[in-house]
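Subject: Structure for your set-up, with notes

Hello,

Here is the structure you were waiting for. My notes follow below it.

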Amino acid sequence: MDSPAHPRLTQLSHGAGCACKLPPGLVHELVSALPRSSDPALLVGQETIDDAAVYRVSDALAVVTTVDFFTPIVDDPYDFGRVAATNALSDVYAMGARPVTALNLVAYSVDELGTEPLEEILGGGGDVVRAAGAAVVGGHSIDDREPKYGLAVTGLVDPDRIVRNSTAGAGDALFLSKPVGGGVASTAVKRGIGGNEVEAAAVAVMTTLNRDAAEAAVAAGVTAMTDVTGYGLLGHLHELCEASGVAAEVEASAVPAIEGVIELLRGSEPPIAGGTRRNREWLELWVEWDERIGEDRRWLLCDAMTSGGLLVAAPAGASPEPGVRIGALVDGPAGHMRVR
């Protein structure tokens, strides 16, 4: 997907996409130390590390706010813009809301890169926002040699229809709406391995809006939901379980992978992102691995995904199923996960 007219954006950054997040353990520690709001109109704040904040403005309307930005995950500027925008909008969908406005967040060096790549980044982001039925209404930019792009997004939701990450229960089934492995694919791209096929498959996944998946989750009677991004499938499942006071069982073989990713993980030098390594180290206290689970699947389930799918808890027997069934929630220590 490279173009000779453009620099390789992934070579300008120290990491790629959501793999650039600060370590999850550190983030949880910092957030837990922040003061809590006592405003009764704040329906969802930072207490459960949910995907977005929700503020009630009337009995029938609440405002959803979120922000997300990161370094290039692909080399093509237009695709970078599309991935970043899709990722930012996902947090609104994870709350059961619809996006209405977005603000561009840009860090970029015009002197070193020229204006054309930035125009393409903004064009890709704008196309995705419009496809979501929302509008780009402004933004902010800074001069930075390491490019970064994302959105601050505002959405709307009926206060009685908010979907949280803290309301699941034992007995619920777990569903995943997109395959994982974006961190592996992007690291392979950065190293110049994996081929165009893996990159194209990853871009197709990362630019698919979670709008339809959210609608399917609501139709299935969703009890809790979050999206899968930089902390990996197990990292975000751990947050959902901890917030809901339950444990989880995951069928490793049921978790779908982006085409070509498993083969990369089985190579002699698998392209594992630094964020993925931090995820796995953090999760060791919470995960019980069946000894039959190979390293390829262990890395996949910890993969620092960018613009991943929705992780949905819904009643067992939900129909139609809102994604691929990958496990279930069970009674047990809050946040604990058994992978078999």
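Helices here are DSSP runs of H or I with at least four residues, strands are DSSP runs of E with at least two, and both are numbered from the N terminus. This is a predicted model, in which local features need pLDDT of at least 70 and side-chain atom pairs count only at pLDDT 80 or more, while totals for chains, interfaces and linings use all residues. Residues are numbered from 1 along each chain as its sequence is written, and side-chain values use heavy atoms, with hydrogens and water left out.

Salt bridges

A salt bridge is a side-chain nitrogen of Lys or Arg within 4 Å of a carboxyl oxygen of Asp or Glu. The count by this rule is 13. Side chains of opposite charge can pair when their charged atoms come close.

Helix α4 (residues 116–131) holds both D127 and R130. They sit three residues apart, about one turn of the helix. Their side chains form a salt bridge at 2.7 Å, N to O. For exposure I use relative accessible area: buried is under 20%, exposed is over 50%, and partly exposed is in between (1.4 Å probe, protein chains only). D127 is partly exposed at 32%. R130 is exposed at 55%.

R82 is partly exposed, at 22%. D79 is buried, at 8%.

R292 and D290 also meet in a salt bridge, at 3.0 Å, N to O. Here R292 is exposed, with 67% relative accessibility. D290 is buried, with 13%.

There is also a network: salt bridges link D144, E146 and K148.

Around A107

A107 lies in strand β4 (residues 98–108). A107 is buried, at 6% relative accessible area. Contact means heavy atoms within 4.5 Å. Beyond its neighbours within four places in sequence, A107 contacts I142, D144, E146, P147 and K148. Among these are D144, E146 and K148, the members of the salt-bridge network. L174 is elsewhere: 67 residues from A107 in sequence and 37 Å away in space, C-alpha to C-alpha.

Strand pairing

Two strands pair if DSSP finds at least two bridges between them. Which strands pair with β12? Strand β7 (residues 172–176) does, antiparallel to β12 (residues 324–330), over four bridges. L174 has G327 of β12 as its bridge partner. Strand β9 (residues 247–250) also pairs with β12, again antiparallel and over four bridges. There, A248 is bridged to L329.

Helix α1 spans 24–33, and L22 is in the segment before it. Which residues of α1 are buried? They are P24, V27, H28 and V31. These cover an arc of only 100° around the axis, so they are on the same side of α1. The arc is that of the directions from the helix axis to the C-beta atoms. The buried residues pack against α8 (232–244) and α10 (274–283). The face turned away from the buried side carries the exposed residues E29 and A33.

L22, L26 and L30 make a nonpolar surface patch of about 270 Å². Patches are made of residues with over 30% relative accessible area and no salt bridge; like charges are joined within 9 Å, and nonpolar side chains (Val, Leu, Ile, Met, Phe, Trp, Tyr) within 5 Å. Areas come from the Shrake-Rupley method with a 1.4 Å probe; for residues, only the protein chains shown count as cover. L22 itself is exposed, at 52%.

Backbone points to check

The S319 to P320 peptide bond is cis, with omega near -5°. P320 lies in the loop between β11 (310–315) and β12.

Two residues other than glycine have positive phi. I49 has phi near 55°. I49 is in the loop between β1 (42–44) and β2 (53–58), and is partly exposed at 25%. S307 has phi of about 50°. S307 is in the loop between α11 (295–302) and β11, and is buried at 2%.

Best wishes
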